[in-house]
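Subject: Structure for your review

Dear colleague,

Please find below the structure that I am handing over to you. My notes on it follow directly after.

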Amino acid sequence: METPLTGRRLWQVASAIRQRVLVLRNRRYVDLQCEMQNVISDLQDFGRVQRNLELCLNHGWWAAANSVADQAARLTRAVPFSCQQIERAVNARIPLIPSIREVLAELQETEEEFSELRYYPENNCLAVVTEAIELENVYLGEFEVQLHIDRIGIPQDRAAYRVVALDAHPAARNDQVTHPHVSEERLCAGDAGAAIESAMVSGRIGDLFVLVRSVLTTYNAQSAYVPLGDWQGSACHDCGSTIGGDETYYCSSCDEDYCSDCTSCCTLCEESTCLGCLSTCPVCEDRFCPSCMVKCPDCGQRICRTCLTESKCSCHEEEPAKEEEDHDDDASSARGAAEVAGAGHIGAGEAT
Amino acid sequence: MRILFINNDGAGFADYVEVAPNTTVEKFFSQQIEGGKTADYLIRVNRQPVPRDYVLQEGDRVTMTPTKIEGAVTA
């Protein structure tokens, strides 16, 4: 439930934000200590490897010496890496720690910039509401940008801030995409990512909200969850009718979207395929996608894989018929010969 | 003289920088944001909007935030 952010409550929120920033600064030293421990462990491993190598040399264990040398090589790569991590941690820019008064000023500036600063005590969340956003004539509505104070600076948790559509006008094909750069209430900040992170860990809450708004009011067609051109649904590539998310069928053969009327399934692989890409097998007369239709190696006719495997191509059917024909020819020849012989006999009889 | 400059363009660093006396906000902007247009930035001095000919003072806090930033599918 939204609570007015004034007086004592305002002071408490400012104090909580500052506390989070302090924790983050101190965590930097913990990270540094961990990296130094890694180097110490690697150096101890060097000592162990050196002793093992000495043992191998004393006993003439040359194969084992080779394996120990590999371990030494691995350590020579690990130590410089750990040292680089230490150097990076030492040289990392230390965020300026704001005083509570500065955080208070930040909150007041945010309220002036957005006309209102909301606070939800149940999840310790600050929020601002953008003006109604319209990009390239697509109305997307107002968005509430929520910052969860307890999650500030948690590296693995990308949900420190969320972008919630108050009057959602999602993409037709995916109702979780409420903005070309927002999916499931998460903003893909793109070029603003580093600046937002920096503002968050420095307690510059106003800058964070303004940066998020700057992303929300800009459209990057090259990297959108759903392009604005397809926001209301895409057009069927065949008949041109407008289709929404659930009604869209993708044809992997031609890489286009189709409506249900212009799509069917391949009889063999069951992939949805547009009618234009489906072919009828001349043998079984079912319809198949291009990848399930193959050339008969004997006659070159395109038939389905099943008919090819089962040797049902018409060219295979001709051979038995021919054989039968040949057989018939042989039989008639034999009959002829018998008849000739019979005739001879008769003839002979007759002759007799 | 020294001022606190918060550049929300790029990495978003905040640091103290030296500026020459009588430097206006507009001049400081052109020094810091190469090729940028002031119209594309929200510029605040001591958390307040100022005219472009405002002359920076010792200890001022200057914030420059782009108003158009391209998002992406993968951050």
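I begin with a polar contact in chain A: a polar atom of the S272(A) side chain lies 3.1 Å from the backbone oxygen of Y250(A). Please note that the model is predicted. S272(A) belongs to strand β15 of chain A, which covers residues 272–274. Setting aside residues up to four places away in sequence, S272(A) touches Y249(A), Y250(A), C251(A) and S252(A), together with T263(A), S264(A) and C265(A). For S272(A) and S252(A), a separation of 20 residues in sequence goes with a C-alpha to C-alpha distance of 8.0 Å.

**Chain A as a whole**

Chain A contains 7 helices and 19 strands. Of its 352 residues, 38% are buried. When contacts between residues at least 6 apart in sequence are considered, 48% of those in chain A link residues at least 24 apart.

**Helices of chain A**

Helix α1 (residues 7–59) and helix α3 (residues 100–114) of chain A have axes that come within 9 Å and cross at roughly 115°. Angles of 65 to 115 degrees count as roughly perpendicular, and α1(A) and α3(A) are therefore described as roughly perpendicular to each other. Their crossing is right-handed. On the α1(A) side, the contact is made by L10(A), W11(A), V13(A), A14(A), S15(A), I17(A) and R18(A). On the α3(A) side, I100(A), V103(A), L104(A), L107(A) and Q108(A) take part.

S115(A) lies in the loop between α3 and β1 (118–120) of chain A. With a relative accessible area of 67%, S115(A) is exposed. S115(A) and V129(A) are 14 residues apart along the chain, and their C-alpha atoms are separated by 8.6 Å.

In helix α4 of chain A (residues 193–201), the buried residues include A195(A), I196(A), S198(A), A199(A), M200(A) and V201(A). The buried residues of α4(A) pack against helices α1 and α5 (205–216) of chain A, and also against strands β5 (143–148), β6 (161–165) and β9 (186–187). Just after α4(A) comes G203(A), with a positive phi of about 75°.

T178(A) is located in strand β7 of chain A (residues 177–179). Its relative accessible area is 9%, so T178(A) is buried, the cut-off being under 20%. Apart from neighbours within four places in sequence, T178(A) contacts L140(A), F143(A), A165(A), A168(A), H169(A), P170(A) and W231(A).

The loop between β3 (133–135) and β4 (138–141) of chain A contains E136(A), and N137(A) is found in the loop between β3 and β4 as well. Most residues other than glycine have a negative phi. E136(A), however, has a positive phi of about 45° although it is not a glycine, and N137(A), also a residue other than glycine, has a positive phi near 65°. E136(A) is exposed, at a relative accessible area of 57%. N137(A) counts as exposed too, at 72% relative accessibility.

**Chain B**

Chain B has 1 helix and 4 strands, which follow the pattern β-β-α-β-β along the sequence. Buried residues account for 43% of the 75 residues in chain B. Among the contacts of chain B with a separation of 6 or more, 51% are between residues 24 or more positions apart.

The helix of chain B, α1 (residues 25–32), has V25(B), F28(B) and F29(B) as its buried residues. These residues lie on the same side of α1(B), because they cover an arc of only 105° around the axis. The elements covering the buried residues of α1(B) include strands β1 (2–7), β2 (14–18), β3 (41–45) and β4 (61–66) of chain B.

**A link between the chains**

R44(B) sits in strand β3 of chain B. R44(B) counts as buried, with 13% relative accessibility. The side chains of R44(B) and E113(A) are joined by a polar contact of 2.6 Å. Leaving out neighbours within four places in sequence, R44(B) is in contact with E109(A) and E113(A) of chain A, and with P49(B), R61(B), V62(B) and T63(B) of chain B.

With kind regards

Conventions. Residues numbered from 1 in each chain as written. Chains lettered and ligands numbered in written order. Predicted model: local features only at pLDDT ≥ 70, side-chain atom pairs only at ≥ 80, totals over all residues. Heavy atoms only, no water. Buried < 20%, exposed > 50% of the residue type's maximum accessible area, 1.4 Å probe, protein only. Helix = DSSP H or I, 4+ residues; strand = E, 2+ residues; numbered from the N terminus. Arc of directions from axis to C-beta. Contact = heavy atoms within 4.5 Å. Polar contact = N/O pair within 3.5 Å; in protein donor to acceptor, adjacent residues only side chain to side chain. Axes fitted to C-alpha atoms, helices over the stretch in contact; angles between N-to-C directions. Parallel < 35°, antiparallel > 145°, perpendicular 65-115°, else oblique. Left-handed = near helix turned anticlockwise from the far one by under 90°.
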